[in-house]
Amino acid sequence: MRLHPTPALLSALLLALFATTVPAVPVHAGKPAKAEVSPQEAKARALFEQFVRLTEAFDPAITDLYAETAKISNRRMFPDGTSREMSMPAPSYKTLLRQVLPVAKEQNDLDRYSEVRYIVEGDNVRITATRYSVMKDYSAPHTLLVGPDTDGTWRILEESGESRP
């Protein structure tokens, strides 16, 4: 007696074969399990998590995350479509942050970060993300370059982003 498998039976057999020959990959919250990360990326992730925590808490200690030589730049996007590039030295930026954090806290001017990516660049790591301004309801690209400062402590070496009035 010869068997003639139906298409449904063939599909079931292929599925059973595939399920037993392909190793399972754990899935968490719809994403593949984390691959092992480099030591640089692990330090960058820890620094970014601290950056987000301090930002959300409007904590002036955030200024300690910046290297004294950090390069800070921002593109200000205006409603008429024009833009203006701005930059300032880290010490001035740190002073400005300490001044505006109480006002931001009073207004509950929160930022949320999504689509965070870590790209190892030698000893440093470039972090790219989308920053969403809750108060002003817009999203914009945001980039940090983090790495060891002159004393070996991981800090923000560069920050660039976009803002709107």
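This tour goes through a predicted model, from the overall fold to a pocket and then to several salt bridges.

**The whole chain**

Followed from the N terminus, the order of elements is α-β-β-α-β-β-α-β-β-β-β. Of the 165 residues, 28% count as buried. Among contacts with a separation of 6 or more, 48% are between residues 24 or more positions apart.

**The largest pocket**

Select Tyr93, Leu97, Val100, Asp111 and Ser163. Of the 32 residues lining the largest pocket, these are the closest to its centre. The pocket has a volume of about 940 Å³.

Now colour the elements that give two or more residues to this lining: α2 (39–56), β3 (66–77), β4 (83–89), α3 (90–107), β5 (111–121), β6 (124–133), β7 (138–148) and β8 (154–163). Which element supplies the largest share of the lining? Helix α3 does, with 6 residues. Coloured by residue type, the lining divides into 15 nonpolar, 9 polar and 8 charged residues.

**Salt bridges**

Side chains of opposite charge can pair when their charged atoms come close. The count of salt bridges in this model is 9; the stops below show some of them.

Select Glu41 and Arg45. They form a salt bridge whose closest N and O atoms are 2.7 Å apart. Both residues lie in helix α2, 4 residues apart, which is about one turn of the helix. Is Glu41 buried or exposed? Glu41 is buried because its relative accessible area is 13%, below the 20% cut-off. Arg45, at 27% relative accessibility, is partly exposed.

Move to Glu56 and Arg112, whose side chains meet in a salt bridge at 3.1 Å, N to O. Glu56 is in helix α2 and Arg112 in strand β5, so this pair ties together parts that are 56 residues apart in sequence. Both count as partly exposed, Glu56 at 36% relative accessibility and Arg112 at 39%.

Next select Arg75 and Glu85, another salt bridge, at 2.8 Å from N to O. Here the pair ties strand β3, which holds Arg75, to strand β4, which holds Glu85; the parts are 10 residues apart in sequence. Arg75 is partly exposed, with 34% relative accessibility.

For the last stop, select Glu121, Arg126 and Glu158. Salt bridges with shared partners join these residues into one network.

Definitions and conventions
Residues numbered from 1 in each chain as written. Predicted model: local features only at pLDDT ≥ 70, side-chain atom pairs only at ≥ 80, totals over all residues. Heavy atoms only, no water. 1 Å grid on protein atoms, 1.4 Å probe; cavity = no way out; pocket = protein on both sides within 12 Å on 5 of 7 lines; lining within 4 Å. Points joined across faces, edges and corners; volume = space filled by probe spheres on them. Nonpolar A, V, L, I, M, F, W, Y, C, P; charged D, E, K, R; others polar. Buried < 20%, exposed > 50% of the residue type's maximum accessible area, 1.4 Å probe, protein only. Contact = heavy atoms within 4.5 Å. Salt bridge = Lys/Arg side-chain N within 4 Å of Asp/Glu carboxyl O.
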